[in-house]
Amino acid sequence: MLKDILQKIYAGCLQIALPNLCFGCREPIDFPTIKNTDYNSEKGVSTSSSVTVADPLGKRTDPVFCQNCIQQLTSDTNLYCNRCLSNLPIGVISKRTYSDRCGQCRAVNYSFDGAFRFGIYDGMLREAILRMKSLSGESFAVQLGKLWIESKRDQFISLNPTVVIPTPLHWTRWWKRGYNQSETLAEQIAKEMKIPLQPNWVKRIRATRKQTTVSAKERRQNVKGSFAMKSDLSLSGQSIIIVDDVFTTGTTVNEIAKLLKDHKADKIWVAVLAHR
Ligand SMILES: [Zn+2]
Ligand SMILES: [Zn+2]
């Protein structure tokens, strides 16, 4: 009884001193509830009580996002094309394969075998991506990557990937931002799936203008020849996931996919945080 009261006081003090704030909305999140079971040897019964406690040894595994933010970030239930990631019209049957073309990409040939997304570039996910690109965005990218793999684990596993690679940044942009957000996202996915991350297989050898600032026609020209990889690398037998943060027309990831296929990669999948 006294133990419960002391634990409640302790948890209350800690919550005031170290409020557990949601990474998304910055509102306090409740500490996890832990069930305590006390055995009363005189009466021969166990009594359990739920108390909200923080681990006094600092081994807390606090939730990083509140339920409301998790719900908003993982709310994409639209059916979409597994080539160009566009939403499919209502009424389209859900049984589609990775190679089925939609009205948007009927005339486009991609070098990758399929693509999938965490969500659409809107609302909270859009805010999250913008925040990830800010100066202090790296820790946010780590948490977003974890949430992504935790909520879409089955999708990642179903592709039997052997390796994960991020879309590389040119060093000049890396220098400005201090990290590559796609690499941080890819790292969480590789870690969770226990497969290697290969951030150095593909290098960006030429700085390009931001894809969003050029017309669709110019995009292909903009990225052409901007990537390179080790010439002696054979990717035979590899099923590769390319991780990127935003996918608009897929020109950038397609350029990487082409390069990987030239090096004999078996399968190439594109995983993006948001379709724009
Ligand atoms: Zn929140
Ligand atoms: Zn499509």
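Eight of the nine residues of strand S8 are buried, so this strand is largely enclosed by the rest of the structure; a residue counts as buried if 20 or more other C-beta atoms, placed from the backbone, lie within 10 Å of its own, as exposed if 12 or fewer do, and as partly exposed in between. Strands (E, at least two residues) and helices (H or I, at least four residues) are DSSP runs numbered from the N terminus. The model is predicted: local features need pLDDT of at least 70 and side-chain atom pairs count only at pLDDT 80 or more, while totals for chains, interfaces and linings use all residues. Residues are numbered from 1 along each chain as its sequence is written, and chains are lettered from A and ligands numbered from 1 in the order in which they are written.

**The sheet around S8**

- An open sheet of four strands has the order S3-S8-S7-S4, with parallel pairing; two strands pair if DSSP finds at least two bridges between them.
- The edge strands, S3 and S4 (163-166), each pair on one side only.
- From one strand to the next, the twist averages 20°, an angle between N-to-C directions on a scale from 0 to 180 degrees, with axes fitted to C-alpha atoms.
- S3 (residues 114-120) runs parallel to S8 and is joined to it by six bridges; Ile120 stands opposite His275, and Gly119 has Ala274 as its bridge partner.
- S7 (residues 239-247) pairs with S8 in the parallel sense over eight bridges, and Ser239 has Lys267 as its bridge partner in S8.
- S7, helix H9 (residues 251-262) and S8 form a right-handed β-α-β unit; right-handed denotes a clockwise path from the first strand over the helix to the second, with the strands pointing away from the viewer.

**The nonpolar core**

- The largest nonpolar core holds 55 residues, of which Ile242 and Val272 touch the most other members; such a core is a set of buried Ala, Val, Leu, Ile, Met, Phe, Trp, Tyr and Cys residues joined through C-beta atoms within 7 Å.
- S8 (residues 267-275) gives the most to this core, with seven residues.
- Beyond its neighbours within four places in sequence, Val272 is in contact (C-beta atoms, placed from the backbone, within 7 Å) with residues including Leu85, Ala115 and Asp244.

- Leu85, in the loop between helix H2 (67-73) and S3, has a positive phi near 65°.
- Leu85 counts as buried because it has 23 C-beta neighbours inside 10 Å.
- Arg26, in the loop between helix H1 (2-17) and strand S1 (33-40), has a positive phi of about 65°.
- Arg26 counts as exposed because it has 10 C-beta neighbours inside 10 Å.

Conventions. Contact = placed C-beta atoms within 7 Å.
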